[in-house]
Protein chains: 2
Amino acid sequence: MTLPTASPAAPVTALAGAVVPVLLSGGSGSRLWPVSRESFPKQFWPLISERSMIEETVRRALGEGFAAPIVVCNHEHRFLVAEQLRHAGVASARIVLEPVGRNSAPAIGAAALLVAEQDPDAVLWMMAADAAIRDEPALHRALAAAVAAARAGWIVTFGMRPTAAETGYGYVEVGDELAGLPGVHAVGRFIEKPDQATAAVLAASGRHLWNSGMFVFTARTLLAELGRHAPDVLAALEPAVSARTQDADFIRLQPEAFARVPSISLDYAVAERTAFAAVVPADLGWSDVGSWAALWELGAKDAAGNATVGDVLLEGAENCYVRSDGMLTAVVGLRDAVVVVTGDAVLALHRDRAQDVKRVVDRLRAAGRSEAAKHPPARNA
Amino acid sequence: MTLPTASPAAPVTALAGAVVPVLLSGGSGSRLWPVSRESFPKQFWPLISERSMIEETVRRALGEGFAAPIVVCNHEHRFLVAEQLRHAGVASARIVLEPVGRNSAPAIGAAALLVAEQDPDAVLWMMAADAAIRDEPALHRALAAAVAAARAGWIVTFGMRPTAAETGYGYVEVGDELAGLPGVHAVGRFIEKPDQATAAVLAASGRHLWNSGMFVFTARTLLAELGRHAPDVLAALEPAVSARTQDADFIRLQPEAFARVPSISLDYAVAERTAFAAVVPADLGWSDVGSWAALWELGAKDAAGNATVGDVLLEGAENCYVRSDGMLTAVVGLRDAVVVVTGDAVLALHRDRAQDVKRVVDRLRAAGRSEAAKHPPARNA
């Protein structure tokens, strides 16, 4: 593997060496229905604490060493994002509005183009707005290692030691540690979400880690690699960014131009193709909070393994996740069940079938039901 | 066994030989929480059809051969009873109000005293207001046999062939057929709700039937046997009936007197002690609708064994009972579960634990929760 050309020493710029957090607030979180809705997706709900997911996420990237965050979100969610950042105590942020969703490569590409206008050598820390991280000290140690590697031209991800043969995550094969970059390893290859048999092999191998989907790189490196491996994306993106409009609160990408950008993830467009992929192995207690099963995993549990939120009464329940955003909810004698109650819908499922919640949402959408997409009015619970 | 003295030929009276239906509307149906509440118990809900249980029950006892029904109910439920009888098309009825609950012997005793004032030889058909009967033609055939035996001085119950080793029902041991009364058998003995092992023996014996708790007898026979086997009940009851007050709609038993009546079931007070017990074996598709498990049994099911009521969406569910009186309710991948949603509470349980719903109600009551007893306001579903 050829080492990329190292960046020049960071010039004195507006960003002054600070890391720029970039939160991607895409996705509708349909597997967390009926709480998560298109109109109010999971990142805006308090799912694992008293704070919303996006508030928890942005708070991990505030303070010394961090520049003002960039949040790339759907135009429809702009007020939710702005209000929740305000609530989180974010003094200044750039909220970049996508007129349509185009997956992660265009979203982070737009952020990188904006940052590069000020300082192409600034380091971007790209993250989903809706993941959970339990061990923040470990995160900040891993981030320091990743930032050092990013300044040396690497595109760095974080790799978590698998605790199960998970099929919902991609995997990263870990190579040798990079010279002069302690804790940072070359990536053998990225492996997309595997089937169950492959997941079992990967999880047991000791050489494969879960791919968190967080990345650290400079704007310069990201744009160079995007131009090399997905030139159509970069070419379509540049006019959408340069023709943006901007007011006091929001940066609006030019709609017609952005609509022409191919929809593709950063993993496909760059990470799996670049020669400069690196990984920082780090056990962060990370979870993408992708399903109700994940929320049960993350929740504080009673002696019988039940995690509850809200007005819940249990009688002989075991290993259940029960959440009520309103009405009294009683669960009797069920095992491994999830019961979720909102102001307009009830979901009861077996935890092993947590992925199938998406099918419910698809069916509701096909039936034109408002419960598929629109969140209910708040109720006094 | 000695045959009782036969009644004289029915005299021409106001009742003119018609059978008097007596509906006992006691019980709070707490195992059917959260639909059934003290303030609005199960007999007033449409549980197995579009009609309420009490309406279904009274409609089985209208028309030729039946006198105006008597309903004995809690004072608190008088308007519910009156309105639902009105809705059922009952032109005239006597609604007898109990100031407190005293179980079935005082309730039917009061009805018998009222009927005896007009015609002591009138036949009463006593029934719970909240049982289901699928086969009405079979019921009316069995009733004709029971009425003939009642006129001959017997206290007649209906016995259903057990379809399971049920511990929630009492059993009747069937003796020889009575001379001159085809289809009517002497009762060997009554057996109270058995334990599981005993239930298995009884259900397999071929000689034991489920005791429906419906009885047919003349007022004269019932009062004579009540006086013989539970004289304290009859003695306390008579002043409560004779000092009753009556207006256009309701008959009110005298409260202080009725409060002094011992609380005892007709089974204990009379049926298990009388020498004149008889049984009509009859498969009526009868159920006391005592739990959500019974409602699943009774419900029409899809190919996967699911019974649903209301706005329900299933995905991979098997043998579930799902009922929503309002909100959209989705069930994914659960087996043998019951999910019930009302305007103010949600219950999710394993069907094998259907009896434990009572514990939930007890705990809610202990906590002073309104959901234990009070029904929610109607919602526009």
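The entries below record what I looked up, topic by topic.

**Basis.** I worked from a predicted model, in which local features need pLDDT of at least 70 and side-chain atom pairs count only at pLDDT 80 or more, while totals for chains, interfaces and linings use all residues. Residues are numbered from 1 along each chain as its sequence is written, and chains are lettered from A and ligands numbered from 1 in the order in which they are written. I took helices (H or I, at least four residues) and strands (E, at least two) as DSSP runs, numbered from the N terminus.

**Contact of the chains.** I looked up how many residues each chain gives to the contact (C-beta atoms, placed from the backbone, within 7 Å): 29 come from chain A and 29 from chain B. On the side of chain A that touches chain B, the elements giving two or more residues are strand 15, strand 17, strand 18 (337-341), strand 19 (345-350) and helix 11 (357-366) of chain A. Strand 19 of chain A gives the most, with six residues. I sorted this side of chain A by class and found 17 nonpolar, four polar and eight charged residues. For the classes, Ala, Val, Leu, Ile, Met, Phe, Trp, Tyr, Cys and Pro count as nonpolar, Asp, Glu, Lys and Arg as charged, and the others, Gly among them, as polar.

**Helix 11 of chain B.** I asked which residues of helix 11 (residues 357-366) of chain B are buried (20 or more other C-beta atoms within 10 Å; exposed is 12 or fewer, partly exposed in between). They are Val357(B), Val360(B), Val361(B) and Leu364(B). Just after helix 11 of chain B, Gly368(B) takes a positive phi of about 70°.

**Helices 3 and 6 of chain B.** I found helix 3 (residues 104-118) and helix 6 (residues 219-229) of chain B packed at an angle of about 130°, with their axes 9 Å apart. That makes helix 3 of chain B oblique to helix 6 of chain B; angles under 35 degrees count as roughly parallel, over 145 as roughly antiparallel, 65 to 115 as roughly perpendicular and the rest as oblique. Among the residues in contact are Ala105(B), Ile108(B) and Gly109(B) of helix 3 of chain B, and Leu222(B), Leu223(B) and Leu226(B) of helix 6 of chain B. By class, this contact has 10 nonpolar, one polar and one charged residues.

**Backbone points.** I recorded a cis peptide bond from Trp33(A) to Pro34(A), with omega near 10°. Pro34(A) is placed in the loop between strand 1 (20-25) and helix 1 (53-59) of chain A. In chain B, a cis peptide bond joins Trp33(B) and Pro34(B), with omega about 10°. Val289(B) has a positive phi of about 50° although it is not a glycine, and Val289(B) is buried, with 23 other C-beta atoms within 10 Å. Asp336(B), also not a glycine, has a positive phi of about 55°. I placed Asp336(B) in the loop between strand 17 (328-332) and strand 18 (337-341) of chain B, where Asp336(B) counts as partly exposed, with 19 C-beta neighbours inside 10 Å.

Methods:
Axes are lines fitted to C-alpha atoms, for helices over the stretch in contact, and angles run from 0 to 180 degrees between N-to-C directions. Two residues are in contact if their C-beta atoms, placed from the backbone, lie within 7 Å.
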